[in-house]
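Dear colleague,

Please find below the structure I am handing over to you.

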Amino acid sequence: MANRLLNIDNQPQIIQRLYTLIYKKTIPHAFLFGGIRGIGKYNVAKTFAMAINCFAPKPDDCGDISIDLNKYIETYPCGQCSSCLTSISGNHPDIISIHPEGTSIKIEQIRGVTETISRRPYSAKMRVVVINDCETMNVHASNALLKILEEPPDHTIFILITTQVNTLLPTVLSRCLHMAFMPIPYKQIAEKILTLLPNKATASDDALILSELANGSLEKGIELSNCQGMLDKRKRLIHDVLNLHRKPIGFILAFATTLCEEKQFLEDAFHIIRSCFRDMIIYKFAKNHIINKDLKDVIEHSGSIYTIQSLFAKLNAIHQAEKQLKSNANIKLTLESLCINLAIL
Ligand SMILES: [Zn+2]
(Lines give C-alpha, C1' and ligand atoms only; values in the text may rest on other atoms or scores of the structure.)
Protein backbone atom coordinates (compact mmCIF):
# COMPACT_ATOMS: atom_id res chain seq x y z
CA MET A 1 0.00 0.00 0.00
CA ALA A 2 2.81 2.39 0.91
CA ASN A 3 4.11 2.78 -2.63
CA ARG A 4 0.69 3.46 -4.10
CA LEU A 5 -0.24 5.77 -1.25
CA LEU A 6 2.62 8.24 -1.27
CA ASN A 7 4.66 7.37 -4.32
CA ILE A 8 7.80 6.45 -2.45
CA ASP A 9 8.99 3.77 -4.86
CA ASN A 10 11.85 6.00 -6.03
CA GLN A 11 13.90 5.13 -2.94
CA PRO A 12 13.79 1.32 -2.79
CA GLN A 13 16.98 0.90 -0.72
CA ILE A 14 15.86 3.36 1.94
CA ILE A 15 12.45 1.67 2.12
CA GLN A 16 14.11 -1.73 2.58
CA ARG A 17 16.26 -0.38 5.41
CA LEU A 18 13.36 1.33 7.18
CA TYR A 19 11.07 -1.68 6.94
CA THR A 20 13.86 -3.94 8.20
CA LEU A 21 13.95 -1.74 11.32
CA ILE A 22 10.17 -2.10 11.72
CA TYR A 23 10.40 -5.84 11.14
CA LYS A 24 13.19 -6.31 13.64
CA LYS A 25 11.66 -3.82 16.09
CA THR A 26 14.95 -1.91 16.28
CA ILE A 27 13.78 1.59 15.39
CA PRO A 28 16.20 4.22 16.77
CA HIS A 29 15.12 7.48 18.43
CA ALA A 30 16.39 9.72 15.66
CA PHE A 31 16.96 9.59 11.91
CA LEU A 32 18.64 11.97 9.55
CA PHE A 33 17.27 11.93 6.00
CA GLY A 34 19.84 13.66 3.81
CA GLY A 35 19.95 14.33 0.07
CA ILE A 36 19.15 16.88 -2.61
CA ARG A 37 15.75 18.59 -2.81
CA GLY A 38 12.82 16.79 -4.42
CA ILE A 39 13.77 13.11 -4.09
CA GLY A 40 11.09 11.99 -1.66
CA LYS A 41 12.60 12.51 1.81
CA TYR A 42 9.44 14.06 3.28
CA ASN A 43 7.12 11.53 1.62
CA VAL A 44 9.18 8.67 2.97
CA ALA A 45 9.14 10.24 6.47
CA LYS A 46 5.33 10.55 6.34
CA THR A 47 4.93 6.99 5.07
CA PHE A 48 7.27 5.65 7.74
CA ALA A 49 5.36 7.53 10.45
CA MET A 50 2.11 6.05 9.14
CA ALA A 51 3.58 2.55 8.79
CA ILE A 52 4.75 2.30 12.39
CA ASN A 53 1.39 3.53 13.67
CA CYS A 54 -0.84 1.57 11.29
CA PHE A 55 -3.41 -0.72 12.96
CA ALA A 56 -3.48 -3.29 10.14
CA PRO A 57 -2.97 -6.85 11.44
CA LYS A 58 0.56 -8.23 11.27
CA PRO A 59 1.24 -10.23 8.09
CA ASP A 60 1.67 -13.99 8.54
CA ASP A 61 5.18 -14.74 9.66
CA CYS A 62 6.81 -17.31 7.42
CA GLY A 63 10.24 -16.99 8.93
CA ASP A 64 12.05 -15.75 5.85
CA ILE A 65 13.00 -12.09 6.27
CA SER A 66 13.19 -11.31 2.55
CA ILE A 67 9.67 -12.63 1.98
CA ASP A 68 8.28 -11.15 5.17
CA LEU A 69 9.81 -7.75 4.48
CA ASN A 70 7.90 -7.47 1.21
CA LYS A 71 4.74 -8.44 3.06
CA TYR A 72 5.41 -5.64 5.56
CA ILE A 73 5.97 -3.15 2.74
CA GLU A 74 2.70 -4.27 1.09
CA THR A 75 0.76 -4.19 4.36
CA TYR A 76 1.90 -0.98 6.04
CA PRO A 77 0.57 1.64 5.95
CA CYS A 78 -2.82 0.19 5.01
CA GLY A 79 -4.31 3.61 4.21
CA GLN A 80 -7.67 2.51 5.68
CA CYS A 81 -7.38 2.17 9.45
CA SER A 82 -8.26 5.11 11.71
CA SER A 83 -4.60 5.98 12.27
CA CYS A 84 -3.80 6.00 8.53
CA LEU A 85 -6.91 8.03 7.69
CA THR A 86 -6.07 10.68 10.31
CA SER A 87 -2.49 10.83 8.97
CA ILE A 88 -3.68 11.25 5.39
CA SER A 89 -5.97 14.10 6.45
CA GLY A 90 -2.92 15.78 8.03
CA ASN A 91 -4.57 15.87 11.46
CA HIS A 92 -2.80 13.09 13.31
CA PRO A 93 -2.01 14.60 16.73
CA ASP A 94 1.10 12.45 17.16
CA ILE A 95 2.65 12.95 13.74
CA ILE A 96 4.14 16.40 13.94
CA SER A 97 5.84 18.29 11.10
CA ILE A 98 8.05 21.29 11.74
CA HIS A 99 8.86 23.60 8.81
CA PRO A 100 10.91 26.82 8.77
CA GLU A 101 8.92 29.88 9.79
CA GLY A 102 10.09 32.42 7.25
CA THR A 103 13.67 31.51 6.48
CA SER A 104 14.58 29.53 9.58
CA ILE A 105 13.42 27.13 12.26
CA LYS A 106 13.18 29.16 15.46
CA ILE A 107 14.04 28.12 18.98
CA GLU A 108 10.36 28.69 19.96
CA GLN A 109 9.36 25.92 17.53
CA ILE A 110 11.82 23.50 19.13
CA ARG A 111 10.60 24.57 22.60
CA GLY A 112 7.07 23.74 21.43
CA VAL A 113 8.31 20.25 20.52
CA THR A 114 9.95 19.88 23.96
CA GLU A 115 6.62 20.66 25.60
CA THR A 116 4.67 18.26 23.39
CA ILE A 117 7.00 15.32 23.92
CA SER A 118 6.91 15.75 27.68
CA ARG A 119 3.40 14.22 27.44
CA ARG A 120 2.55 10.70 26.28
CA PRO A 121 1.29 10.34 22.70
CA TYR A 122 -2.49 10.89 22.35
CA SER A 123 -3.28 7.76 20.41
CA ALA A 124 -0.20 6.62 18.49
CA LYS A 125 2.06 3.72 19.34
CA MET A 126 4.99 6.01 18.51
CA ARG A 127 4.89 9.78 18.14
CA VAL A 128 6.91 10.98 15.13
CA VAL A 129 8.38 14.46 14.89
CA VAL A 130 9.55 15.38 11.39
CA ILE A 131 11.82 18.43 11.20
CA ASN A 132 12.09 19.71 7.65
CA ASP A 133 14.95 21.80 6.29
CA CYS A 134 16.72 21.39 9.61
CA GLU A 135 19.82 23.10 8.19
CA THR A 136 17.86 26.34 8.71
CA MET A 137 17.93 25.94 12.50
CA ASN A 138 19.98 28.67 14.12
CA VAL A 139 22.50 27.79 16.79
CA HIS A 140 19.97 28.25 19.64
CA ALA A 141 17.40 25.98 17.97
CA SER A 142 20.12 23.41 17.21
CA ASN A 143 21.26 23.38 20.83
CA ALA A 144 17.68 23.01 22.06
CA LEU A 145 17.21 20.06 19.69
CA LEU A 146 20.51 18.56 20.82
CA LYS A 147 19.26 18.64 24.40
CA ILE A 148 16.19 16.62 23.38
CA LEU A 149 18.29 14.12 21.41
CA GLU A 150 20.69 13.67 24.33
CA GLU A 151 17.84 12.37 26.48
CA PRO A 152 15.30 11.11 23.97
CA PRO A 153 11.84 10.49 25.41
CA ASP A 154 10.14 7.10 25.09
CA HIS A 155 7.52 6.67 22.40
CA THR A 156 8.96 9.44 20.22
CA ILE A 157 10.97 9.22 17.01
CA PHE A 158 12.64 12.20 15.37
CA ILE A 159 13.20 12.44 11.64
CA LEU A 160 15.49 15.30 10.66
CA ILE A 161 15.39 16.20 6.98
CA THR A 162 18.08 18.21 5.26
CA THR A 163 19.67 18.99 1.92
CA GLN A 164 22.92 20.01 3.66
CA VAL A 165 24.06 17.32 6.07
CA ASN A 166 27.46 18.94 6.59
CA THR A 167 26.01 22.14 8.05
CA LEU A 168 24.44 20.37 11.04
CA LEU A 169 26.13 20.25 14.43
CA PRO A 170 28.34 17.13 14.66
CA THR A 171 26.80 16.46 18.06
CA VAL A 172 23.34 16.36 16.45
CA LEU A 173 24.57 14.19 13.57
CA SER A 174 26.16 11.67 15.91
CA ARG A 175 22.81 11.01 17.58
CA CYS A 176 20.96 10.17 14.37
CA LEU A 177 20.86 7.17 12.07
CA HIS A 178 21.87 8.70 8.75
CA MET A 179 19.95 7.64 5.66
CA ALA A 180 21.46 9.03 2.45
CA PHE A 181 18.77 9.48 -0.21
CA MET A 182 20.04 9.04 -3.77
CA PRO A 183 19.19 11.29 -6.74
CA ILE A 184 16.45 9.81 -8.92
CA PRO A 185 17.70 8.24 -12.20
CA TYR A 186 17.11 10.46 -15.27
CA LYS A 187 15.03 7.79 -16.96
CA GLN A 188 12.53 7.71 -14.11
CA ILE A 189 12.27 11.51 -14.07
CA ALA A 190 11.80 11.57 -17.85
CA GLU A 191 8.99 9.00 -17.59
CA LYS A 192 7.19 11.17 -15.05
CA ILE A 193 7.69 14.37 -17.08
CA LEU A 194 6.41 12.62 -20.20
CA THR A 195 3.02 12.16 -18.54
CA LEU A 196 2.83 15.88 -17.77
CA LEU A 197 3.86 17.57 -21.02
CA PRO A 198 0.97 18.86 -23.15
CA ASN A 199 2.57 18.64 -26.62
CA LYS A 200 2.75 14.90 -27.17
CA ALA A 201 4.47 15.31 -30.57
CA THR A 202 7.69 16.68 -29.05
CA ALA A 203 7.17 15.40 -25.49
CA SER A 204 9.62 12.53 -25.67
CA ASP A 205 12.65 14.67 -26.61
CA ASP A 206 11.58 17.52 -24.32
CA ALA A 207 11.14 15.14 -21.38
CA LEU A 208 14.68 13.82 -21.83
CA ILE A 209 16.18 17.33 -21.86
CA LEU A 210 14.10 18.48 -18.87
CA SER A 211 15.01 15.34 -16.93
CA GLU A 212 18.70 16.16 -17.42
CA LEU A 213 18.09 19.71 -16.22
CA ALA A 214 16.30 18.33 -13.15
CA ASN A 215 19.64 16.88 -12.10
CA GLY A 216 18.26 13.95 -10.12
CA SER A 217 15.38 15.80 -8.45
CA LEU A 218 11.91 14.53 -9.33
CA GLU A 219 10.30 17.62 -7.79
CA LYS A 220 12.50 19.83 -9.94
CA GLY A 221 11.58 17.81 -13.04
CA ILE A 222 7.88 18.30 -12.33
CA GLU A 223 8.46 22.02 -11.69
CA LEU A 224 10.34 22.38 -14.99
CA SER A 225 7.64 20.58 -16.95
CA ASN A 226 5.11 23.10 -15.60
CA CYS A 227 7.35 26.06 -16.40
CA GLN A 228 6.15 27.52 -19.70
CA GLY A 229 8.95 28.36 -22.11
CA MET A 230 11.72 26.73 -20.03
CA LEU A 231 13.17 24.96 -23.07
CA ASP A 232 13.24 28.20 -25.11
CA LYS A 233 14.81 30.06 -22.21
CA ARG A 234 17.50 27.39 -22.02
CA LYS A 235 18.20 27.68 -25.77
CA ARG A 236 18.53 31.47 -25.53
CA LEU A 237 20.87 31.22 -22.55
CA ILE A 238 23.13 28.68 -24.28
CA HIS A 239 23.15 30.81 -27.43
CA ASP A 240 24.11 33.95 -25.46
CA VAL A 241 26.81 32.21 -23.41
CA LEU A 242 28.40 30.59 -26.46
CA ASN A 243 28.57 33.92 -28.23
CA LEU A 244 30.10 35.88 -25.37
CA HIS A 245 33.60 35.53 -26.85
CA ARG A 246 32.52 37.61 -29.88
CA LYS A 247 31.03 40.42 -27.81
CA PRO A 248 32.52 43.65 -26.41
CA ILE A 249 33.11 43.92 -22.67
CA GLY A 250 30.06 46.20 -22.26
CA PHE A 251 27.77 43.44 -23.58
CA ILE A 252 29.41 40.82 -21.35
CA LEU A 253 28.89 42.94 -18.22
CA ALA A 254 25.28 43.73 -19.25
CA PHE A 255 24.67 40.00 -19.73
CA ALA A 256 26.01 39.34 -16.22
CA THR A 257 23.62 42.00 -14.87
CA THR A 258 20.65 40.33 -16.61
CA LEU A 259 21.58 37.00 -15.04
CA CYS A 260 21.95 38.71 -11.68
CA GLU A 261 18.43 40.14 -11.92
CA GLU A 262 16.92 36.70 -12.50
CA LYS A 263 17.70 35.26 -9.10
CA GLN A 264 14.97 32.58 -9.33
CA PHE A 265 16.53 31.30 -12.55
CA LEU A 266 20.14 31.46 -11.38
CA GLU A 267 20.42 27.88 -10.09
CA ASP A 268 18.95 26.54 -13.34
CA ALA A 269 21.14 28.90 -15.37
CA PHE A 270 24.28 27.52 -13.70
CA HIS A 271 23.18 23.99 -14.41
CA ILE A 272 22.40 24.79 -18.06
CA ILE A 273 25.72 26.60 -18.62
CA ARG A 274 27.64 23.76 -16.96
CA SER A 275 25.82 21.14 -19.04
CA CYS A 276 26.71 22.97 -22.21
CA PHE A 277 30.49 23.17 -21.52
CA ARG A 278 30.42 19.61 -20.19
CA ASP A 279 28.82 18.55 -23.50
CA MET A 280 31.58 20.21 -25.52
CA ILE A 281 34.14 18.04 -23.73
CA ILE A 282 32.06 14.85 -23.96
CA TYR A 283 31.30 15.49 -27.65
CA LYS A 284 34.98 15.20 -28.50
CA PHE A 285 34.99 11.60 -27.23
CA ALA A 286 31.43 10.24 -27.24
CA LYS A 287 29.02 12.18 -29.46
CA ASN A 288 25.91 10.30 -28.31
CA HIS A 289 26.42 10.99 -24.63
CA ILE A 290 25.76 14.72 -24.63
CA ILE A 291 22.90 16.16 -22.56
CA ASN A 292 21.77 18.89 -24.97
CA LYS A 293 21.06 16.52 -27.84
CA ASP A 294 18.76 19.00 -29.61
CA LEU A 295 21.68 21.47 -29.83
CA LYS A 296 24.20 18.99 -31.22
CA ASP A 297 25.33 21.28 -34.07
CA VAL A 298 25.90 24.24 -31.75
CA ILE A 299 27.81 22.07 -29.28
CA GLU A 300 29.95 20.64 -32.08
CA HIS A 301 30.73 24.03 -33.60
CA SER A 302 31.50 25.83 -30.31
CA GLY A 303 33.44 22.87 -28.96
CA SER A 304 35.76 22.98 -31.97
CA ILE A 305 37.01 26.49 -31.15
CA TYR A 306 38.03 25.64 -27.56
CA THR A 307 40.84 23.41 -26.36
CA ILE A 308 40.08 20.74 -23.74
CA GLN A 309 42.16 22.73 -21.23
CA SER A 310 40.13 25.85 -21.89
CA LEU A 311 36.83 23.94 -21.47
CA PHE A 312 37.99 22.47 -18.15
CA ALA A 313 39.06 25.96 -17.04
CA LYS A 314 35.53 27.20 -17.80
CA LEU A 315 33.93 24.34 -15.86
CA ASN A 316 36.22 25.20 -12.98
CA ALA A 317 35.23 28.89 -13.20
CA ILE A 318 31.53 27.87 -13.07
CA HIS A 319 32.20 25.64 -10.05
CA GLN A 320 34.13 28.39 -8.23
CA ALA A 321 31.41 30.98 -8.93
CA GLU A 322 28.73 28.65 -7.56
CA LYS A 323 30.83 28.05 -4.47
CA GLN A 324 31.33 31.79 -3.93
CA LEU A 325 27.61 32.48 -4.30
CA LYS A 326 26.84 29.79 -1.72
CA SER A 327 29.24 31.61 0.63
CA ASN A 328 27.24 34.82 0.10
CA ALA A 329 29.77 36.55 -2.15
CA ASN A 330 28.63 39.65 -4.09
CA ILE A 331 26.37 38.23 -6.83
CA LYS A 332 27.02 40.92 -9.43
CA LEU A 333 30.82 40.83 -9.10
CA THR A 334 30.87 37.02 -9.10
CA LEU A 335 28.71 36.81 -12.25
CA GLU A 336 30.72 39.51 -14.03
CA SER A 337 33.93 37.66 -13.32
CA LEU A 338 32.35 34.35 -14.44
CA CYS A 339 31.03 35.81 -17.71
CA ILE A 340 34.45 37.28 -18.52
CA ASN A 341 36.01 33.87 -17.88
CA LEU A 342 33.45 32.22 -20.14
CA ALA A 343 34.14 34.76 -22.89
CA ILE A 344 37.90 34.21 -22.97
CA LEU A 345 38.92 31.65 -25.57
ZN1 LIG B 1 -3.34 1.66 8.58
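Strand E3 (residues 127–131) and strand E4 (residues 156–162) pair in the parallel sense, with five bridges between them. Here strands (E, at least two residues) and helices (H or I, at least four) are DSSP runs numbered from the N terminus, and two strands pair if DSSP finds at least two bridges between them. The bridge partner of Ile 131 in E4 is Leu 160.

Please note that this is a predicted model, in which local features need pLDDT of at least 70, side-chain atom pairs count only at pLDDT 80 or more, and totals for chains, interfaces and linings use all residues. Residues are numbered from 1 along each chain as its sequence is written.

E3 and E4 belong to an open sheet of five strands in the order E2-E3-E4-E1-E5, with parallel pairing. Strand E2 (95–98) and strand E5 (177–180) are the edge strands, each pairing on one side only. From one strand to the next, the twist averages 20°.

Helix H3 (residues 41–53) lies across strand E1 (30–34), E2, E3 and E4, and runs at about 170° to E4. Axes are lines fitted to C-alpha atoms, for helices over the stretch in contact (C-beta atoms, placed from the backbone, within 7 Å), and angles run from 0 to 180 degrees between N-to-C directions. Helix H6 (residues 107–117) lies across E2, E3 and E4, at about 170° to E2.

In total, the chain has 17 helices and five strands. Its C-alpha atoms fill a box of roughly 70 × 45 × 30 Å along the principal axes.

Note on methods: Contact = placed C-beta atoms within 7 Å.
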